[in-house]
Amino acid sequence: MPKFEYAPAPESRSIVSLRESYGLFINGEFGPSVDGRAFKTISPATEEVLAEVTEAGPADVDRAVTAARKAYEHTWSAMPGRERAKYLFRIARIVQERSRELAVLESLDNGKPIRESRDVDIPLVAAHFFYYAGWADKLEYAGYGPAPRPLGVAGQVIPWNFPLLMLAWKIAPALACGNTVVLKPAETTPLTALAFAEICQQADLPPGVVNIVTGAGETGRALVEHPGIDKVAFTGSTEVGKQIARACAPTRKKVTLELGGKAANVVFEDAPVDQAVEGIVNGIFFNQGHVCCAGSRLLVQESVYDEVLASLRRRLATLRLGDPLDKNTDVGAINSAAQLAKIRELSEVGEAEGAQRWSPPCELPVKGFWFPPTIFTGVSQAHRIAREEIFGPVLSVLTFRTPAEAVEKANNTPYGLSAGVWTEKGSLILWMASRLRAGVVWANTFNKFDPTSPFGGYKESGYGREGGRHGLEAYLDV
Ligand code: NDP
């Protein structure tokens with residue numbers, strides 16, 4: 001039992017002024033769709049309707065691509081890099097100025113704790129724009145030839161787990177390189193992308209350079225299959241990623257895909273246990289586990305299994321689940337009813353397959369979509385909960401005896417996005433890092449992001465890199 005109760009510490013909603021309805025952002029202006037369709041976006045924590053959002057059909061996507069093409073040919077690609085940089089710096093500064101509002105809006109629409117949107121998502125959004133603003137006038141030094149050319153119009157589709165941050169990962173490098181964009185945010189989290197559209201207006205970005213088309217999967221499909229785009233950038237599920245790869249294969253479109261993961265977080269017997277437990281918690285319970293690179297498979301060396309598990313259980317009992325806008329909240333709401341159903345289904349499969357399920361005592365709010373932090377022990381590599389991306393606050397625990405066995409088990413997955421290694425031995429970290437088939441390997445930490453560092457996967461986690469100098473390649477004709 002906790003020694004004391006925390007008083008509620010809610011962040012005020014008053015900094016956000018939600019509109020009743022939002023149009024599509026095409027050619028620098030908000031406007032209706034051709035066929036007048038709309039959908040509602042709700043708060044996953046309360047199921048309250050936040051706003052009505054326009055659903056873009058194929059004719060709207062076509063208008064957006066036409067606007068982006070015109071802006072590409074007449075304005076943006078012809079503009080010197082140092083001028084493009086000024087716009088990106090301006091956007092970065094406005095994001096900083098409006099950071100509190102953006103954090104509240106993100107937590108409202110997505111369900112993630114305000115502590116995370118305030119301290120992680122939004123600062124990283126600004127950092128991405130600052131970082132790529134710096135590249136815009138230095139592209140000839142990026143290692144892609146003396147005068148690298150942009151690709152043209154980029155069609156970008158992003159998921160709901162880090163709505164504004166994924167937008168920044170996509171838009172900042174595209175614009176820095178001289179491309180124009182049409183971006184579709186996820187159906188359940190469109191609001192910060194629409195706030196970003198306002199920021200583009202505030203920054204006086206020329207019309208058509210950034211276009212935001214809201215809608216569901218069909219809008220995404222119309223965008224990636226539009227013949228007028230030159231580049232597709234997608235982050236989301238492996239299943240949709242494969243469909244997109246198939247649709248783009250017979251075309252000239254350049255494609256980057258950032259897909260699912262089932263990362264191993266490997267704890268060796270010499271690791272400092274308390275530190276490792278913090279890393280395990282951050283690895284899988286950060287953002288309710290809605291993280292493509294989440295450390296969802298814990299591999300613990302057998303000799304310290306009991307100690308690590310006992311410490312992990314104690315730590316989980318202190319996590320606070322509840323109101324995403326409360327500054328004390330560690331675990332927020334699951335993003336949608338559909339995602340909650342998927343997490344429940346896979347957790348039931350875990351039990352049916354014989355793994356032992358454990359959650360700390362935890363009261364779930366009555367309204368909204370919630371799932372308690374959950375650990376499965378007695379998991380074998382063949383279990384579905386060890387193989388499939390659950391994309392929720394659910395950790396599967398496995399054991400190993402030797403480093404070779406750890407590598408074998410960590411790599412025994414169709415994915416290859418990230419991994420974590422916990423040990424005091426630098427040589428073991430390097431030995432592991434060179435053998436793990438994962439795009440990112442964190443040593444004695446987890447879920448650390450930086451705009452200067454490339455991110456991307458092996459195998460079914462996708463191809464292409466985002467972030468850093470490598471991230472420029474995806475938007476240059478090289
Ligand atoms: P999706 O892959 O379906 O969604 C990602 C984005 O693609 C959304 O904007 C979505 O639109 C859009 N989209 C859907 N279908 C198409 C299509 N045929 N062509 C183009 N765009 C499309 O993920 P879900 O939200 O459905 O989540 C399902 C599972 O995917 C999760 O349970 C999780 O396991 C995994 N996932 C992984 C992510 C990652 O970063 N690795 C991120 C998100 C999900 P809309 O949302 O409006 O339908």
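Guide: Helices are DSSP runs of H or I with at least four residues, strands are runs of E with at least two, and both are numbered from the N terminus. The model here is predicted.

Visitor: How many helices and strands are in the chain?

Guide: The chain has 15 helices and 18 strands.

Visitor: What box do the C-alpha atoms fill?

Guide: Roughly 65 × 50 × 35 Å, with the sides taken along the principal axes.

Visitor: What share of the residues is buried?

Guide: Of the 478 residues, 59% are buried. The accessible surface of the chain is about 18600 Å², and carbon and sulfur atoms account for 52% of that surface.

Visitor: And the contacts? What part comes from residues 24 or more positions apart?

Guide: Such pairs make up 76% of the contacts with a separation of 6 or more.

Visitor: Change of topic: charges. How many positive and negative ones are there, and how far apart are their mean positions?

Guide: There are 51 positive and 55 negative charges, and their mean positions lie 4 Å apart.

Visitor: Now strand 2 and strand 3. Which residue is in the loop between them?

Guide: Asparagine 27 is in that loop, with strand 2 covering 24-26 and strand 3 covering 29-31. Its phi is positive, near 55 degrees, in a residue other than glycine.

Visitor: Which other residue has a positive phi although it is not a glycine?

Guide: One is glutamine 288, with a phi of about 55 degrees. Glutamine 288 sits in the loop between helix 9 (273-285) and strand 12 (297-301). Its relative accessibility is 0%, so glutamine 288 counts as buried.

Visitor: On to helix 5. What does its length come to?

Guide: Helix 5 has 14 residues, 163-176, and spans 20 Å from its first C-alpha to its last. That is close to the 20 Å expected at 1.5 Å a residue.

Visitor: How many of its residues are buried?

Guide: 14 of the 14, so helix 5 is largely enclosed by the rest of the structure. Glycine 178 follows helix 5, and its phi is positive, near 100 degrees.

Visitor: What does isoleucine 212 touch?

Guide: Leaving out residues up to four places away in sequence, isoleucine 212 touches Leu24, Phe25, Leu167, Leu183, Pro185, Ala193, Leu194 and Ala197. Isoleucine 212 is part of strand 8, residues 210-212. With 0% relative accessibility, this isoleucine 212 is counted as buried.

Visitor: Last one: where is alanine 85 found?

Guide: Alanine 85 is in helix 2, residues 81-97. Its relative accessibility is 5%, so alanine 85 counts as buried.

Visitor: Which residues is alanine 85 in contact with?

Guide: Neighbours within four places in sequence aside, alanine 85 is in contact with Ala133 and Ala136. Glycine 23 is 62 residues from alanine 85 along the chain, and the C-alpha atoms of the two are separated by 28 Å.

Key:
Residues numbered from 1 in each chain as written. Predicted model: local features only at pLDDT ≥ 70, side-chain atom pairs only at ≥ 80, totals over all residues. Heavy atoms only, no water. Buried < 20%, exposed > 50% of the residue type's maximum accessible area, 1.4 Å probe, protein only. Contact = heavy atoms within 4.5 Å. Areas by Shrake-Rupley, 256 points an atom, 1.4 Å probe, with all protein chains shown as cover. Lys, Arg positive; Asp, Glu negative; His and termini not counted. Charge placed at Lys NZ, Arg CZ, Asp CG, Glu CD. Expected span 1.5 Å × (residues − 1).
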